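Thanks for making the time this morning. I would like to walk you through one model, going from the whole chain down to single side chains.

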Amino acid sequence: MKKLFNKFIYTFKKFFLIIFIISSIIFYITLLTINILDTKYMIPIGITLFIINLIFSFLILRKKNKKRTKITSSILSTLLSIILLFTSSVLWNTYSSIKDMFSNSSSISYSLLVENTSHYQNIIDIDNKSIGYYKEDKYTEKAENILNEQIKVEYIGYSSLDALYEALMEGRIQAIMIMDSYKDLINNNDTRVIYTFKININHSGKTKDINFENGTFALFISGQDSFSSTVSETSRSDVNMLAVINLKTKEILLVSIPRDYYIPIHGKNSYDKLTHISLYGSDIAASSIGDILDTNIDYFIKFNFTTFMKAIEYLLPLDVYSDYEFTTDIYDETIGNTYHFNQGYNHITNGEMALQFVRARKNFAEGDRQRGINQTRFLKAVIHKGTQPSTLLKYKDILKSMNGTFLTNISDDSIIEMIKYIINHNGEFHISNYSLDGSDAYKPTYSTGNNIVYVMIPNQETIEVASIYIQAILNGEVPDTQKDPADLINSSTSKSVKKYSYEERFPI
């Protein structure tokens with residue numbers, strides 16, 4: 001009986017040794033597959049696992065060793081097996097969540113609008129009628145294909161939303177086919193919706209790889225003016241920020257850009273405010289910003305406020321500085337309660353409070369200018385908290401909550417490579433921030449036609465200062481944000497500073 005028991009114990013210990021060997025192999029293969037560590041780390045990890053396996057094999061299988069030594073070694077190998085398998089699972093789930101979080105596809109919602117007093121009630125009622133559309137809508141053909149499956153109509157294009165609206169009101173067309181993101185730019189009191197539908201857009205063929213050899217790039221960060229659960233490429237942007245990143249020097253510059261900035265649309269001889277330019281696509285908005293700042297902005301990332309509220313919950317609490325004391329209003333039932341903020345640091349404890357802080361603008365005499373400052377300060381706090389070791393335990397939940405809620409043109413491989421780069425080059429990033437400014441005005445815009453709307457005319461000095469800061473980051477330097485702007489411009493030899501004014505480059 002004793003002999004049989006000893007044989008059982010030996011087999012039992014051998015079994016757990018095999019489990020540990022398999023766990024080690026699974027862990028190492030997982031690291032190789034997700035490819036987040038450099039060879040300089042992978043080789044020592046592999047050697048360490050091999051040595052540990054040899055030690056446990058020696059302690060457990062060698063007949064001359066004491067029973068206590070064999071049992072203790074078996075227990076330790078079992079505990080390590082659990083740790084290795086758990087870590088492998090976490091790493092794989094995190095890797096999968098990262099790939100799922102950043103989407104290269106999106107859906108765009110459309111509506112059919114009719115004149116408010118018309119007798120049309122559904123899509124069948126406009127069969128064999130005339131439908132107007134906005135010529136600048138690059139997905140018109142896809143939208144028409146969906147409608148053509150149900151009705152036969154004549155499509156008439158218009159060069160502005162103003163002209164499209166007038167044609168409906170004058171009876172030259174019986175309905176308007178329009179993206180939902182454009183609807184607020186026309187008079188909704190005179191129209192009503194009789195049909196809605198969506199089209200799916202895949203951008204995977206347009207993704208770009210980041211040049212990690214160079215180590216510098218500019219990223220347009222856009223916050224969608226929507227509480228939808230998905231992100232649309234063609235939607236107004238409430239948050240507009242340029243992040244200029246130097247991975248080698250660990251320097252980041254955040255440039256806040258007012259949503260109503262009146263700038264030329266890239267590729268067109270026309271002006272619009274930035275929030276409207278985003279309706280034509282984040283790539284167009286990024287290129288338009290790049291034009292005024294003399295900077296190539298190859299990448300963009302877009303999120304919505306639903307994403308924001310989900311993600312921030314896992315990083316709270318955050319301490320964010322405010323220049324003013326203010327109390328927010330309930331201007332959208334989706335946000336919820338009002339919140340009071342003090343001058344100085346505020347302890348932000350929930351997603352609604354965070355969203356109220358970054359969206360508030362009517363509370364300030366400076367309006368959107370101050371909102372941009374608040375947004376950059378908040379993003380700095382998020383980046384700082386997100387790089388803390390304590391946050392690592394929450395990454396799985398953070399990434400899972402944001403599944404598919406970012407839209408970007410950065411390739412999946414580059415996103416993983418970016419994470420790998422940060423992990424393998426230890427150290428926090430130094431973050432500088434700057435806000436573009438301008439003067440209030442009322443002008444016609446490309447999207448609204450002849451209608452006069454509020455805009456912000458860019459300030460020449462802030463454009464030049466931002467260009468100098470951007471060039472400093474790209475050159476591997478630290479931006480001198482403490483220097484007087486006038487002295488900075490006069491002393492700068494940066495090639496990004498032009499000898500002619502913004503107005504000369506882009507006559508309004």
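I will begin with the overall figures, then turn to the cores, the aromatic pairs and the surface.

A word on the basis first: this is a predicted model, in which local features need pLDDT of at least 70 and side-chain atom pairs count only at pLDDT 80 or more, while totals for chains, interfaces and linings use all residues. Residues are numbered from 1 along each chain as its sequence is written, and side-chain values use heavy atoms, with hydrogens and water left out.

The chain holds 15 helices and 20 strands, which are DSSP runs numbered from the N terminus, with helices being H or I of at least four residues and strands E of at least two. Of its 508 residues, 52% count as buried, where buried means under 20% relative accessible area, exposed over 50%, and partly exposed in between, with a 1.4 Å probe and protein chains only. Among contacts, meaning heavy atoms within 4.5 Å, those between residues 24 or more positions apart account for 73% of the ones with a separation of 6 or more. The accessible surface comes to about 24700 Å², and 54% of it belongs to carbon and sulfur atoms; these areas come from the Shrake-Rupley method with a 1.4 Å probe, and for residues only the protein chains shown count as cover.

Now to the interior. A nonpolar core here is a set of buried Ala, Val, Leu, Ile, Met, Phe, Trp, Tyr and Cys residues joined through side-chain atoms within 4.5 Å. The largest one has 71 residues, and those with the most contacts inside it are Tyr110, Ile131, Met177, Tyr182, Leu242 and Tyr261. Helix α13, residues 460-474, gives the most to this core, with seven residues. If we leave aside neighbours within four places in sequence, the contacts of Tyr261 include Asp272, Leu274, Ile292, Leu436, Met456, Thr462 and Ile463. A second, separate core has 44 residues, among them Met241, Leu247, Phe341 and Ala354.

Next, the rings. Rings of Phe, Tyr and Trp (its six-membered ring) pair if their centres lie within 6.5 Å, and planes under 30 degrees apart count as stacked, over 60 as edge-to-face and the rest as tilted. By this rule there are 18 aromatic pairs. One of them joins Tyr321 and Tyr345 edge-to-face, at 5.2 Å centre to centre and 75° between the planes. Tyr321 sits in strand β13 (residues 318-322) and Tyr345 in strand β16 (residues 344-348), so this pair links parts of the chain 24 residues apart. Tyr321 is partly exposed at 32% relative accessibility, whereas Tyr345 is exposed at 61%.Phe326 and Phe364 form another edge-to-face pair, at 4.8 Å centre to centre and 75° between the planes. Phe326 lies in strand β14 (residues 326-327) and Phe364 in the loop between α9 (351-359) and α10 (368-386), so the pair ties together parts that are 38 residues apart in sequence. Phe326 is buried, with a relative accessible area of 4%, and Phe364 is buried at 8%. Both rings belong to a cluster, linked by ring pairs, that also takes in Tyr324, Phe341, Phe357 and Phe378.

Finally, the surface. Ile43, Ile47, Phe50, Ile51, Leu54 and Ile55 form a nonpolar patch there, with about 580 Å² of accessible area together. Ile55 lies in helix α2, residues 39-61, and is partly exposed at 45% relative accessibility.

Notes: Patches are made of residues with over 30% relative accessible area and no salt bridge: like charges are joined within 9 Å, nonpolar side chains (Val, Leu, Ile, Met, Phe, Trp, Tyr) within 5 Å. A salt bridge is a side-chain nitrogen of Lys or Arg within 4 Å of a carboxyl oxygen of Asp or Glu.
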